[in-house]
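Please look over the model that follows before reading on.

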Amino acid sequence: GTTSYSWVNDTPSIGLSASGNGNIESLTVSNSGNIPIVATVTVTPSFEGCEGDSQTFTITVNPSSQVNEVENQILCNSDETAAIVFSTGNTSGTTTYSWENDTPSIGLAATGSGDIASFAAVNNSTSPVTATITVTPTYTNEGTSCDGPEETFTITVNPTAQVDDPQDQIICNAETTSVEFTTQNTGGTTTYSWINDTPAIGLAEFGNGNIASFAG
């Protein structure tokens, strides 16, 4: 004889119809929330018009893995970074994180997993260095792991401020002179502040920027 099957699905939101007959073909499941969705499917057999006992099974659809946005950081050479603690809106499962860093010279490893502890940022060059870190979340529930969309953030490490050594000057009384400060650093703005230990020469005790022409 012939056995036919009819079934009922209590959660059509997963992408499966509320009811149907025969086998269930392959389908793309859906879960746009942040917790697993469990659909219970009840199948009833019929042999030549005689119904038999129903059987149930479940289809659990985990949410997509997700990691919350991480703020960018801008630091100076040798500064300690803020610790980076990854988080997610997903619940009822476990989310783990793996990450890649495209510029290990800042003092952070090229790859890792889990949160990133505070570390001393490094930039021994004369221009800012920007590292892009890409983090991938993995959501695990009921023994099934699902990778989710990547998130990126940056850590920019500025170089140590630097000023070229100005030449010493020897001038006569009432002569004028000035001083223009320079630096080897690029990619940003360098400002200067100065202190003069002998204001009697005609120069203020302190100031900012270049030293304009004055009479000694």
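Contact, as the word is used here, means heavy atoms within 4.5 Å. The model is a predicted one, in which local features need pLDDT of at least 70 and side-chain atom pairs count only at pLDDT 80 or more, whereas totals for chains, interfaces and linings use all residues. Residues are numbered from 1 along each chain as its sequence is written, and side-chain values use heavy atoms, with hydrogens and water left out.

The secondary structure of the chain consists of 15 strands and zero helices, where strands (E, at least two residues) and helices (H or I, at least four) are DSSP runs numbered from the N terminus. The C-alpha atoms occupy a box of roughly 120 × 25 × 20 Å along the principal axes. The radius of gyration, taken over C-alpha atoms, can be set against a globule rule of 2.2 Å times the number of residues to the power 0.38. For this chain the radius is 34 Å, well over the 17 Å that the rule gives for 216 residues, so the chain is more spread out than a compact globule. Among the contacts with a separation of 6 or more, 56% are between residues 24 or more positions apart.

The accessible surface of the chain is about 13,300 Å², and carbon and sulfur atoms account for 49% of this area; accessible areas come from the Shrake-Rupley method with a 1.4 Å probe, and for residues only the protein chains shown count as cover. Of the 216 residues, 29% are buried, a term that stands for under 20% relative accessible area, with exposed meaning over 50% and partly exposed the range in between (1.4 Å probe, protein chains only).

Where do the buried nonpolar residues come together? A nonpolar core is a set of buried Ala, Val, Leu, Ile, Met, Phe, Trp, Tyr and Cys residues joined through side-chain atoms within 4.5 Å. The largest such core has 19 residues, of which F86, I106, I116, I133, F153 and I155 touch the most other members. Strands β7, β9 (129-141) and β11 (151-158) each contribute at least two residues to this core, and β9 gives the largest share, with four residues. When residues up to four places away in sequence are not counted, I116 touches A83, I84, F86, W99, L108, I133 and F153. Apart from this core lies another one of seven residues, V179, F181, Y192 and F214 among them.

A pair of aromatic rings is described by the distance of the centres and the angle of the planes. Rings of Phe, Tyr and Trp (its six-membered ring) pair if their centres lie within 6.5 Å, and planes under 30 degrees apart count as stacked, over 60 as edge-to-face and the rest as tilted. The structure holds three aromatic pairs. In one of them, the ring centres of F86 and Y97 are 5.4 Å apart and the planes stand at 35°, so the pair is tilted. Because F86 lies in the loop between β6 (73-76) and β7 (94-101) while Y97 lies in strand β7, this pair ties together parts that are 11 residues apart in sequence. Both F86 and Y97 are buried.

The rings of F181 and Y192 likewise have centres 5.4 Å apart and planes at 35°, so this pair is tilted. F181 and Y192 both lie in the loop between β12 (176-179) and β13 (193-195), 11 residues apart. F181 counts as buried at 14% relative accessibility, and Y192 is buried at 17%. F86 and Y97 also belong, with F153, to one aromatic cluster.

Strand β9 also takes part in antiparallel pairing with β10 (residues 144-147), over four bridges; two strands pair if DSSP finds at least two bridges between them. T138 has D147 in β10 as its bridge partner. The two strands β9 and β10 form a hairpin with two residues between them, and E142 in the turn has a positive phi of about 55°.

The loop between β6 and β7 also holds S78, S92 and T81. Phi is positive in two of these residues other than glycine, near 80° in S78 and near 65° in S92. S78 is exposed, with a relative accessible area of 51%, and S92 is exposed as well, at 56%. T81, by contrast, counts as buried at 5% relative accessibility. Leaving aside neighbours within four places in sequence, T81 is in contact with Q73, L75, A117, S118, F119 and A121.
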